[in-house]
Amino acid sequence: MQSRVANLREAMSRAGLGAFLAWKPENRRYLSGFVGSHGAVLVTGEQQYLITDNRYLEIARGQCTGFGCVLQEGSIEQTVARLTEGASRLGYEDDFLTVQGHGSLAKVVGAELVPSAGMVEGLRLYKDAGEVESVRQALRITEDAYARTLPLIKPGVRECDLAVELEYFMRKGGAERIKANFVLVSGARAALPHGQATTKVVESGDFVTFDIGAIVDGYYADFTRTVVVGKASDEQRKVYGTVLEAQLAALEVLAPYKKAVEIDKLARDMIAAAGYDGKFTHSLGHGVGLFIHENPRMAPGSPWTLEPGMLLTVEPGIYINGWGGVRIEDMVYMTEGGYENLTRAPKELMEL
Ligand code: ZN
């Protein structure tokens with residue numbers, strides 16, 4: 001945590017900030033270790049504070065090593081005003097603070113409020129060994145829950161029955177939380193990239209797609225597999241094979257210092273060449289960490305270059321309205337010499 005605060009101070013000094021206020025839950029957890037629903041991290045040139053109320057003060061003292069844990073006097077804004085007296089420029093998360101929050105901060109703080117969205121996220125792009133270990137654990141829990149759920153997929157079972165089993169297995173596996181609104185779709189509904197489980201009954205011949213993730217230490221797993229209930233049709237084989245080939249091709253060329261846009265284009269062009277132009281309707285991948293969708297993005301027009309320390313997904317898909325769809329998703333950790341695929345679950349076409 002201390003090196004994270006030091007890195008933030010460097011970014012602050014480059015931006016001419018005397019202080020920085022992190023209110024976003026992921027950012028304040030990243031900087032301080034604080035896991036609570038109410039509080040803010042304030043970093044000044046010399047000090048770092050976690051400001052919270054009586055419900056969380058003792059918890060914060062246990063979690064936030066190296067931080068001054070401060071009981072808010074009045075509001076958090078008033079406490080920030082007191083602790084930043086004399087600072088001329090205070091950075092804040094303009095992609096998080098509400099208009100009302102900005103108003104109440106501006107009313108009491110003497111410093112100029114400087115929109116500084118992305119400053120902590122810039123540090124969060126590069127995951128250290130501890131962060132990767134948390135993701136690894138989250139993935140193991142997720143894959144284990146998936147493996148335990150596979151035998152339950154039969155004609156007649158409802159999507160929501162499978163969803164609750166998955167969630168139960170992930171919780172039993174030790175997940176801190178589960179990715180909210182996870183995807184579980186079957187049959188024609190498998191054409192919905194972000195559809196959620198309903199009372200629809202799974203039928204023979206359905207594709208079933210899971211896009212699930214356990215959370216460990218705040219870090220998300222992001223994992224997608226598609227299976228067929230019963231025997232796959234020729235068209236299902238073709239669609240599945242195309243998605244799998246596109247993913248394997250992307251993984252083949254993936255390497256540090258490559259342009260994200262080129263990897264995306266390779267997978268997208270392969271899917272189009274197989275006759276599914278326009279059916280791959282989302283990005284090829286995204287960063288994952290304390291939040292499910294982080295930078296970098298691997299998508300058309302993406303400005304990102306892949307760098308060691310980045311942790312991202314590779315998840316091509318094909319979606320055909322009224323018929324169904326397939327997505328296959330792995331998580332990769334970029335290293336100096338290449339990358340490590342953190343996902344282990346098999347991805348050959350599975351007919352249940
Ligand atoms: Zn994803």
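Of the contacts in the chain with a separation of 6 or more, 64% join residues 24 or more positions apart. The model is predicted. Its secondary structure comes to ten helices and 19 strands. The radius of gyration is 23 Å, close to the 20 Å that the globule rule gives for 352 residues, so the chain is as compact as a globular protein of that length. Along its principal axes, the C-alpha trace spans about 70 × 40 × 35 Å. Buried residues make up 53% of the 352. The chain exposes about 14,700 Å². Carbon and sulfur atoms supply 52% of that area.

Turn now to the metal. Which residues coordinate the zinc ion? They are Asp222 through OD, His286 through NE2, Glu315 through OE and Glu329 through OE. The distances run from 2.1 to 2.3 Å. In sequence, these donor residues follow the spacing D-x63-H-x28-E-x13-E. Asp222 and Glu329 link distant parts of the chain, 107 residues apart. Asp222 sits in the loop between strand 11 (219-220) and strand 12 (223-228). Glu329 sits in the loop between strand 17 (324-327) and strand 18 (330-334).

Are Asp222 and Glu329 buried or exposed? Buried means under 20% relative accessible area. Asp222 has 2% relative accessibility, so Asp222 counts as buried. Glu329 has a relative accessible area of 0%, so Glu329 is buried too.

Next, the geometry of the site. The angles among the four donor atoms of the zinc ion range from 77 to 145°. Four donors count as tetrahedral if all angles lie between 85 and 135 degrees. The site of the zinc ion is irregular. For reference, the ideal angle for four tetrahedral donors is 109.5 degrees.

How many residues of strand 9 (residues 207-212) are buried? Six of its six are, and the strand is mostly covered. In a regular strand, side chains alternate between the two faces of the sheet. In strand 9, Phe207, Thr209 and Asp211 point one way. Val208, Phe210 and Ile212 point the other way. All of these residues are buried.

Strand 7 pairs with strand 10 (residues 214-216) over two bridges. In that pairing, Arg177 stands opposite Ile215.

Where does Phe291 lie? Its place is the loop between strand 13 (285-287) and strand 14 (294-298). At 37% relative accessibility, Phe291 counts as partly exposed. Leaving aside residues up to four places away in sequence, Phe291 touches Glu26, Arg124 and Tyr220. Arg61 is 230 residues from Phe291 in sequence, and the two C-alpha atoms are 24 Å apart in space.

Key
Residues are numbered from 1 along each chain as its sequence is written. This is a predicted model: local features need pLDDT of at least 70, side-chain atom pairs count only at pLDDT 80 or more; totals for chains, interfaces and linings use all residues. Side-chain values use heavy atoms; hydrogens and water are left out. Donors are N, O and S atoms within 2.8 Å of the metal (3.2 Å for Na, K and Ca); water is not among the atoms, so sites may look incomplete. Four donors count as tetrahedral if all angles lie between 85 and 135 degrees; four count as square planar and six as octahedral if opposite donors are over 155 degrees apart and all others between 65 and 115; anything else is irregular. Helices (H or I, at least four residues) and strands (E, at least two) are DSSP runs, numbered from the N terminus. Buried means under 20% relative accessible area, exposed over 50%, partly exposed in between (1.4 Å probe, protein chains only). The radius of gyration is taken over C-alpha atoms; the globule rule is 2.2 Å times the number of residues to the power 0.38. Contact means heavy atoms within 4.5 Å. Accessible areas come from the Shrake-Rupley method with a 1.4 Å probe; for residues, only the protein chains shown count as cover. Two strands pair if DSSP finds at least two bridges between them.
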